[in-house]
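Thanks for coming, everyone. Please have the sequence and the 3D view open while I talk, and I will go from the whole chain down to single residues.

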Amino acid sequence: MPDTLILVGGYGLPDRTASATRAIGLAKLFRSIGMNVIIMGKITPEVPPIEGPTEIEVEGIRCVDIRRPIPGRDYARYDLSGETVMALVDSLPAGSVRAVSAYNHAGQATWSILRGCKARGIPAILDCTEWYGWEGKKVLRNIQRIAWTEFRLRVLTRKAGNVIAASCWFSDTLPGLNRVLLPFVIDATDPKWRPEPPRPALPDGRRRFLYSGSPGLGMVKDRLPVAIAGFDSFQAAGIPFEFRIVGMTRDQYLAERPDDAALVARLGDRLQFLGRIPHAESLAELRATDYALFFRRNDRVANTGFATKYVEAASLGIPVVTNPTSDIGLYLTDGRNGYLAPDLSAEAITTVLRRAATLDDAGLLAMKSVCAASNPFDIPPWQAPARAFLDALRPVR
């Protein structure tokens, strides 16, 4: 039986993007059930030189550059064509490829990949975690992106017949297809994902909060300005806290939110912007915090995927302060392993942050112990569903 599975996407390898974290986790999952996995992503920010090298190995997994999989040749753009993917397929032993899985791939390129797979008798899988809404003021960009996304999710998923979903909500939109629910999968045996013993609270009672990521256009995506305003209200109440932000500088924040200059100045050292840092350093920041936080609108965009921020925090035993979107409610119990804001109002966000900031030392230690006791995203629980999914693969229509 064919045993090679190719994962295709714009992954910033080895760990430059959240999608790369997903790819490595899924590769290790499928490898654990006997598959030979190859990841096609971006092994460097720039296109590799024509003479190569075009491959790296990441945690024992062969990773090939999707823009130039084979040295010595130029190819059509990977986001417009499936040429590079089919070139890799054709370089492998005949009959060895079990399936090609495309992650949130551009609609035109996905269509091309499906045609190539059909011509070769290879099943195709669409790994879907994004369903875009309108963002920013670029009308043509929004129309094109939304149109291709709708085509991919409403038409090409049916043509492929096999879908990996990151949430129950999205999976339920695709009745009749071969589906498997895989949010993010983490190899808990990897030292970088092992939680440390819960750290005691700081002697001054200060609670440490962390936001890590990109808050999107206008800082709307994760409600970062609302959280900052909520922390500002703590000062008058004498509640000690520290809020560290990974992913942007103070100047970058104020460029988007110039009216917040007085607020940021008032918070002083309680609010710290660390800018963009390597993934390993961001995980170190996460280990050192008391809570990770983000807040997202409960809409199609949030419910289609599953937040990498939650997976990373849960894997490292860190409580999360957020609101219920996607499948977070399946993993987070309010007051036990984190806190849930009922809505996105300034009052609700401030209240939930205050609950976290005023939890006593014993309660915080107990909550961290609960979080560290198990990792719901470790590989073993997902092996049986993944195996059943591969056994039921359908041909491209």
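Predicted model: local features only at pLDDT ≥ 70, side-chain atom pairs only at ≥ 80, totals over all residues.

Residues are numbered from 1 along each chain as its sequence is written, and side-chain values use heavy atoms, with hydrogens and water left out.

The protein chain has 14 helices and 14 strands, where helices (H or I, at least four residues) and strands (E, at least two) are DSSP runs numbered from the N terminus. The radius of gyration of the protein chain is 22 Å, close to the 21 Å that the globule rule gives for 397 residues, so the chain is as compact as a globular protein of that length; this radius is taken over C-alpha atoms, and the rule is 2.2 Å times the number of residues to the power 0.38. Along the principal axes, the C-alpha atoms fill a box of roughly 70 × 45 × 45 Å. If we take contacts (heavy atoms within 4.5 Å) with a separation of 6 or more, residues 24 or more positions apart account for 70% of them.

Let us turn to the start of the chain. Strand β1 (residues 4–12) and β2 pair in the parallel sense over six bridges, pairing being assigned if DSSP finds at least two bridges between two strands, and in this pair Leu5 stands opposite Val37 in β2. The chain crosses from β1 through α1 to β2, and this β-α-β crossover is right-handed, that is, with the strands pointing away from the viewer, the path from the first strand over the helix to the second runs clockwise. Strand β2 is also joined by four bridges to strand β4 (residues 61–65), and these two run parallel, with Ile39 opposite Cys63 in β4. Why is β2 said to be largely enclosed by the rest of the structure? Five of the seven residues of β2 (residues 36–42) are buried, and therefore the strand counts as largely enclosed.

Helix α1 (residues 18–32) holds Thr21, which is buried, with a relative accessible area of 10%. Not counting residues up to four places away in sequence, Thr21 touches Ile186, Trp193, His279 and Glu312.

Six strands form an open sheet in the order β11-β10-β9-β12-β13-β14, with parallel pairing. The edge strands, each pairing on one side only, are β11 (271–275) and β14 (338–340), and the twist averages 20° from one strand to the next. Helix α9 (residues 279–288) packs on this sheet, touching β9, β10 (241–246), β11 and β12, and its direction makes about 150° with that of β9; here axes are lines fitted to C-alpha atoms, for helices over the stretch in contact, and angles run from 0 to 180 degrees between N-to-C directions.

Now for the interior. In soluble globular proteins, nonpolar side chains tend to be buried together. A nonpolar core is a set of buried Ala, Val, Leu, Ile, Met, Phe, Trp, Tyr and Cys residues joined through side-chain atoms within 4.5 Å. The largest such core has 89 residues, and those with the most contacts inside it are Phe30 and Tyr310. Its largest share, seven residues, comes from α1. Apart from this core lies another, of 32 residues, among them Ile38, Met40, Val64 and Ala102.

Finally, a few backbone details deserve a look. Most residues other than glycine have a negative phi, and most peptide bonds are trans. The peptide bond from Leu13 to Pro14 is cis, with omega near 0°, and Pro14 lies in the loop between β1 and α1. The bond from Gly52 to Pro53 is cis as well, with omega near 0°. Arg223, in the loop between β9 and α6 (224–237), has a positive phi, near 55°, and at 15% relative accessibility Arg223 counts as buried. Ser326, found in the loop between β13 (320–322) and β14, has a positive phi of about 50° although it is not a glycine.

Technical notes. Buried < 20%, exposed > 50% of the residue type's maximum accessible area, 1.4 Å probe, protein only.
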